[in-house]
Amino acid sequence: MAVYQIVVVGTDGSESSFRAVERAAVIAADSNATLIIASGYFPHPDDTRAEDTLREEAYKVHGNAPIYAVLREARDRAKAVGAKNIEERALEDAPVHALVDVAEKVNADLLVVGNVGLNARSAMLGRVFSVPGNIASKAACDVLIVHTSG
């Protein structure tokens, strides 16, 4: 069985994505690996449709201040389950590209995502696609899709 040295996990601040963070943190702790918690965001809204549609959830697709709160909470959850070497990355990009890109740049051994979450972004963009599926097809490293619903 492979021992991972660098584990990347994506979060959008949803409870289900935090479950993926916790699973990735356990893997990182067991392997004494670096855990990189990443989240993509868009700093400048192109229009106000996201805010109108998503209301209090709009921070998940625009702006950057709340993204750091999301990353801090994810870090706290990762520490609580034993991860020690943790980095946070706020990435100015769409989720799929941001996560695949950071995994490539840091030469990650494993990229972890939840099976739900991050959907507000794809719905807002008018696209119907699976973030985990796209990540699995584009990543050059192992991908773990964590069952985070229910």
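## Close-up views of a predicted model

**View 1. Two neighbouring strands, β4 and β5, run side by side.** Strand β4 (residues 110-114) pairs with β5 in the parallel sense, over five bridges. Strands count as paired if DSSP finds at least two bridges between them. The names follow DSSP runs numbered from the N terminus: helices are H or I runs of at least four residues, and strands are E runs of at least two. This is a predicted model, in which local features need pLDDT of at least 70, side-chain atom pairs count only at pLDDT 80 or more, and totals for chains, interfaces and linings use all residues. Residues are numbered from 1 along each chain as its sequence is written, and side-chain values use heavy atoms, leaving out hydrogens and water.

**View 2. Now step back to the whole sheet.** Five strands make an open sheet with parallel pairing, in the order β3-β2-β1-β4-β5. β3 (86-92) and β5 (142-146) are at the edges with a single partner strand each, so one side of each has no neighbour in the sheet. On average, neighbouring strands are turned by 25° against each other, direction ignored; the axes behind this angle are lines fitted to C-alpha atoms, for helices over the stretch in contact, and angles run from 0 to 180 degrees between N-to-C directions. As a reminder, strands of a sheet pair through backbone hydrogen bonds, either parallel or antiparallel.

**View 3. Helix α6 has a buried side.** In α6 (residues 131-138), Val131, Pro132 and Ile135 are buried. They cover an arc of only 95° around the axis, which puts them on the same side of α6. The arc is taken from the directions from the helix axis to the C-beta atoms. Buried means under 20% relative accessible area, exposed means over 50%, and partly exposed is in between (1.4 Å probe, protein chains only). What do the buried residues of α6 pack against? Their partners are α4, β4 and β5, where contact means heavy atoms within 4.5 Å.

**View 4. Here is the largest nonpolar core.** This core has 22 residues, and those with the most contacts inside it include Val7, Val9 and Ile37. A nonpolar core is a set of buried Ala, Val, Leu, Ile, Met, Phe, Trp, Tyr and Cys residues joined through side-chain atoms within 4.5 Å. Helix α1 gives the most to the core, with seven residues. Leaving aside residues up to four places away in sequence, Ile37 touches several residues, among them Val9, Leu71 and Ala78.

View 5. Ser14 sits in the loop between β1 (6-10) and α1 (15-31). With 12% relative accessibility, Ser14 is buried, and its side chain makes a polar contact of 2.7 Å with that of Asp12. A polar contact is a pair of N or O atoms within 3.5 Å; within protein, one must be able to donate a hydrogen and the other to accept it, and residues adjacent in sequence count only if both atoms are side-chain atoms. Ser31 belongs to helix α1 and is buried at 19% relative accessible area.

**View 6. Finally, meet two asparagines with positive phi.** Asn32, in the loop between α1 and β2 (34-41), has a phi near 55° without being a glycine. Asn107, in the loop between α4 (95-105) and β4, has a positive phi of about 55° and is not a glycine. Are they buried or exposed? Asn32 is exposed at 68%, and Asn107 is exposed at 60% relative accessibility.
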